[in-house]
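Work through these exercises with the model open beside you. Try each task before you read its solution.

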Amino acid sequence: MAKNLLIVESPAKAKTINKYLGKDFQVLASYGHVRDLRPKEGAVDTEHGFTMAYEVIERNEKHVDAIAKAAKLADDIYLATDLDREGEAISWHISEILNERGLTKGKQLHRVVFSEITPKAIKAAVASPRQLSHDLVDAQQARRALDYLVGFNLSPVLWRKVQRGLSAGRVQSPALRMIVEREEEIEAFKAREYWTIEAQLKHAEGDFSARLSRLNGKKFEQFDLTNEADAQAARDALKQAARGRLTVSDVSSKERKRRPAAPFTTSTLQQEAARKLGFTTSRTMKVAQGLYEGVALGDEGNVGLITYMRTDSTMLGDDALAELRQLIARDFGAKALPDAPQVYKTKSKNAQEAHEAIRPTSAMHTPRSVAAYLNDDQRKLYELIWKRTVACQMIHATLNTVSVEFALPHVEGGDASFRASGTTVVDPGFLAVYEEGSDQKKADDDDEGRRLPRLEKGEAVPLHEIAADQHFTEPPPRYSEASLVKALEEHGIGRPSTYASIIQVLQNREYVYLDSRRFKPSDVGRAVSKFLTQHFTQYVDYDFTAKMEDELDAVSRGEEAWVPLMERFWQPFKQQVDEKTESVDRSEATGARELGTDPKTGKPVSVRLGRFGPYAAIGTKDDEEKPTFASLRPGQSMHTITLADALELFKLPRKLGQAENGDEVSVAIGRFGPFVKQGSTYASLKAEDDPYTIELPRALQVVAEKLEMLANRLILDFGNGVQVLNGRYGPYITDGEKNARIPKDQEPKTLTEAQCLELLAAAPVKKGRFGKKTAAKKVAAKKAPAAKTAAVKKTATKKTATKKTAAKKSATKKTATKKAAAKKTTARKTPAKTAGTSDAGEA
């Protein structure tokens with residue numbers, strides 16, 4: 001047995017490291033976090049020093065047991081989890097579990113850290129271990145406690161005031177506020193008209209254009225011409241003064257230097273991967289994790305290709321710098337090297353421990369040399385990281401910008417002039433390898449790479465045309481993943497390890513969604529943000545959140561104790577939660593709006609947020625007649641919908657006519673979306689069908705397709721509720737309560753009733769979102785004979801009982817509770833449905 005046990009977080013990393021350390025080491029993976037707070041109220045004891053009640057995460061119990069078993073036999077234990085606070089906390093949790101089990105007596109526990117998985121880095125780390133940093137652990141514990149307390153206390157307030165099932169996060173909420181505020185800016189934006197004037201010039205060396213830069217004796221500004229009449233008058237005056245040519249009044253040339261971008265931090269990597277590769281932040285981090293942990297490179301075996309991918313440092317180690325300079329001299333020549341290595345200042349005001357930037361572990365692993373061993377995503381991301389790192393140590397690019405002025409001194413209203421500019425690359429420097437992307441086009445982007453003909457002062461250039469063009473100002477763009485990460489970093493919200501999860505959580509909760517790769521808030525997201533911003537302003541304030549990050553950093557550096565930090569946060573927060581729980585009106589919290597009056601009934605028309613989304617209502621609960629309701633259509637928002645649009649919603653249900661057999665055909669929207677009803681048959685509309693415009697022939701076609709599907713669905717029917725049906729994933733047996741798989745070697749049509757009953761009895765209780773599901777509608781009404789049913793139930797009970805463990809009993813209770821809740825939920829009526837419609841839209 002190996003004398004030493006080394007514990008890392010992932011099995012891929014374990015595999016790579018194992019070959020570096022030899023037979024004296026056993027390398028095991030914790031598979032991420034090993035313990036977390038108990039998912040119950042009181043897991044953080046605010047009355048007794050914020051004591052935290054942890055438990056082993058169920059899915060990782062077997063990995064923890066494997067570590068404990070190996071630790072029992074090892075002489076020394078090396079905790080080699082990631083080098084950030086989260087990694088430090090995982091190492092601490094492992095040490096605590098081993099201590100509790102009495103497995104550390106007489107043994108040395110070492111903490112080792114490395115930023116790259118290479119033989120040199122691993123061996124150096126093992127040779128120079130340190131003690132666990134309780135400052136880093138305390139900072140991570142404080143973060144976890146804060147997130148828990150905010151979630152467990154704010155979420156119930158949201159359930160009561162906005163919508164059940166919602167949740168709030170300490171860091172996600174300010175990020176949501178950013179997205180919502182940008183949407184409100186866009187909605188409030190009023191476009192302004194403006195006109196530009198451009199001269200199109202002819203020249204033997206090539207045609208080019210010049211923009212109007214001076215008009216009426218002063219510099220031409222964006223809003224000097226704001227309507228067509230003024231623009232055309234100015235154009236005509238300029239044309240008349242030019243008389244078919246423009247004369248060069250000045251030529252200026254200016255050389256400038258552009259420096260390369262710093263090597264990647266987590267946020268800049270996420271931004272560039274989003275801009276250049278179209279990767280989401282979570283995709284970028286997943287691919288980077290794989291490159292860091294190790295890729296099989298033929299005879300070299302598993303090799304970690306990049307350094308640790310969660311960092312806000314732009315520092316490069318001396319060895320890396322020396323190798324980069326060697327590669328640049330070899331591949332690009334000595335002239336591409338600056339006199340000394342380039343040093344970059346870390347921009348993040350809250351940069352964590354002195355990590356390195358994200359870089360290749362060896363610059364000699366060129367993208368071309370490793371491409372054959374990488375999948376497509378890995379190849380693209382590795383090439384991006386490699387190029388950025390190499391470019392950051394290359395000489396600056398030298399650019400030359402030429403500007404040419406064409407003066408028109410004799411124009412009605414005062415002198416005028418046009419200007420043409422072009423920028424050419426004198427020496428590409430780092431641009432030979434890499435150029436940083438940007439989220440928005442800059443004013444001088446059009447001039448980049450444009451060559452002007454050689455022009456001299458006094459030269460007359462023939463004028464082809466002077467054109468006046470209309471433009472409108474545009475609202476600020478919605479956040480992309482790249483620009484949101486940049487904004488979070490600039491505001492000091494979150495940390496390198498959290499950007500991807502912040503975005504993922506907002507999408508998972510359906511607070512935001514991507515529209516043309518830009519974030520748009522949902523109505524629920526807006527309601528949550530508005531509620532938190534109005535009633536918990538301090539806790540979604542950007543500066544407050546950033547200050548909290550500063551304080552956590554101070555804890556990680558040992559400059560501040562974590563419990564006093566928690567106390568300062570908790571008391572005022574709890575007081576505000578208690579106060580708002582009692583005082584806030586639900587209608588106000590959800591952003592309900594009154595749009596006007598229904599012309600038919602004279603009743604008020606409003607929009608509100610219900611349990612199943614936004615809906616419009618005619619009338620109020622205080623009226624004698626019940627109000628009527630209609631769900632908003634996809635793409636509509638309760639914050640922007642007009643009275644006219646809302647009234648259109650009440651045109652459902654629509655009667656379309658009759659089928660050949662005399663059945664009435666109508667269309668409506670139910671809880672599960674739009675559907676057609678023909679007699680007693682319900683059929684969901686396809687995505688391309690609009691319930692407000694669909695006509696009778698298409699509706700009949702949808703019903704016919706549904707009936708055909710139902711006919712093909714039934715394989716066998718034994719007349720007692722037991723059927724063999726064709727399902728989405730192939731044939732299966734059902735009795736309306738449970739589903740059973742059919743053995744692969746069994747032909748579904750040859751099954752007997754007895755075989756079906758036996759397979760159903762052995763099948764687990766069916767779990768589903770709404771608990772019990774019904775079988776085919778025709779058979780659902782039939783009852784099985786009492787004797788047979790009892791026999792089936794008895795057999796099922798016996799077989800299941802022998803298999804159940806104590807843990808499963810508990811799980812069954814939970815499932816039963818959930819099912820009961822689901823049945824109740826299904827039974828209740830919701831205002832988010834069109835009045836008079838059915839829930840059968842799920843058909």
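Two residues are in contact when heavy atoms of theirs lie within 4.5 Å. Keep that cut-off in mind throughout. The model is a predicted one.

**Exercise 1. The chain as a whole**

Task: How many helices and strands does the protein chain have, and what percentage of its residues is buried?

Solution. 
- Step 1. Count the elements. The protein chain has 24 helices and 31 strands.
- Step 2. Look at burial. Of the 843 residues in the protein chain, 49% are buried.
- Step 3. Turn to contacts. Take those between residues at least 6 apart in sequence: 71% of them join residues at least 24 apart.

**Exercise 2. Helices α8 and α9**

Task: Which residues of α8 and α9 meet, and are the two helices roughly parallel or roughly perpendicular?

Solution. 
- Step 1. Locate the helices. Helix α8 covers residues 266–277 and helix α9 covers residues 281–293.
- Step 2. List the residues that meet. From α8 come Thr266, Leu269, Gln270 and Ala273; from α9 come Thr281, Thr284 and Met285.
- Step 3. Sort these by class. The contact of α8 with α9 has three nonpolar, four polar and no charged residues.
- Step 4. Read the geometry. The helices pack at an angle of about 115°, and their axes are 9 Å apart.
- Step 5. Apply the cut-off. Angles of 65 to 115 degrees count as roughly perpendicular. So α8 and α9 are roughly perpendicular to each other.
- Step 6. α8 and α9 cross in a right-handed way.

**Exercise 3. Helices α5 and α15**

Solution. 
- Step 1. Find the helices. Helix α5 spans residues 134–161, and helix α15 spans residues 523–535.
- Step 2. Read the crossing. Their axes come within 11 Å and cross at roughly 115°. The crossing of α5 and α15 is right-handed.
- Step 3. Name the residues. α5 gives Leu154, Val157, Leu158 and Lys161, while α15 gives Val528, Phe531 and Leu532.
- Step 4. Classify them. Six are nonpolar, none is polar and one is charged.

**Exercise 4. Aromatic pairs**

Task: What is the geometry of the pair Tyr292 and Tyr308, and what is that of Trp570 and Phe573?

Solution. 
- Step 1. Start with the total. The whole structure holds 14 aromatic pairs.
- Step 2. Take Tyr292 and Tyr308. Their rings are 5.4 Å apart, centre to centre, with 65° between the planes. This pair is edge-to-face.
- Step 3. Tyr292 is in helix α9, and Tyr308 is in the loop between β14 (302–303) and α10 (318–332). They are 16 residues apart, and the pair links distant parts of the chain.
- Step 4. Check burial. Tyr292 has 0% relative accessibility, so Tyr292 counts as buried. Tyr308 has 3%, so Tyr308 counts as buried.
- Step 5. Now take Trp570 and Phe573. Their ring centres are 6.3 Å apart and their planes stand at 50°, so the pair is tilted.
- Step 6. Trp570 and Phe573 are three residues apart in helix α17 (residues 562–583), so about one helical turn separates them. Both Trp570 and Phe573 are buried.
- Step 7. Widen the view. Ring pairs link Tyr539, Phe544, Phe569, Trp570 and Phe573 into a cluster.

**Exercise 5. A threonine and its contacts**

Task: Is Thr545 buried or exposed, and which residues does Thr545 touch, not counting residues up to four places away in sequence?

Solution. 
- Step 1. Thr545 is in helix α16 (residues 542–556).
- Step 2. Use the cut-off. Buried means under 20% relative accessible area. The value for Thr545 is 2%, so Thr545 is buried.
- Step 3. List the contacts. With those neighbours left out, Thr545 touches Arg170, Pro174, Ile493 and Tyr539.

**Exercise 6. Backbone exceptions**

Task: Where is Arg243, and which residues does a cis peptide bond join?

Solution. 
- Step 1. Most residues other than glycine have a negative phi, and most peptide bonds are trans.
- Step 2. Inspect Arg243. Its phi is positive, near 55°. Arg243 lies in the loop between α7 (228–242) and β12 (245–258). With a relative accessible area of 71%, Arg243 is exposed.
- Step 3. Find the cis bond. The bond joins Leu652 and Pro653, with omega about -5°. Pro653 is in the loop between α19 (643–648) and β24 (654–658).

Definitions and conventions
Residues numbered from 1 in each chain as written. Predicted model: local features only at pLDDT ≥ 70, side-chain atom pairs only at ≥ 80, totals over all residues. Heavy atoms only, no water. Axes fitted to C-alpha atoms, helices over the stretch in contact; angles between N-to-C directions. Helix = DSSP H or I, 4+ residues; strand = E, 2+ residues; numbered from the N terminus. Parallel < 35°, antiparallel > 145°, perpendicular 65-115°, else oblique. Left-handed = near helix turned anticlockwise from the far one by under 90°. Nonpolar A, V, L, I, M, F, W, Y, C, P; charged D, E, K, R; others polar. Phe/Tyr/Trp six-rings, centres within 6.5 Å; stacked < 30°, edge-to-face > 60°. Buried < 20%, exposed > 50% of the residue type's maximum accessible area, 1.4 Å probe, protein only.
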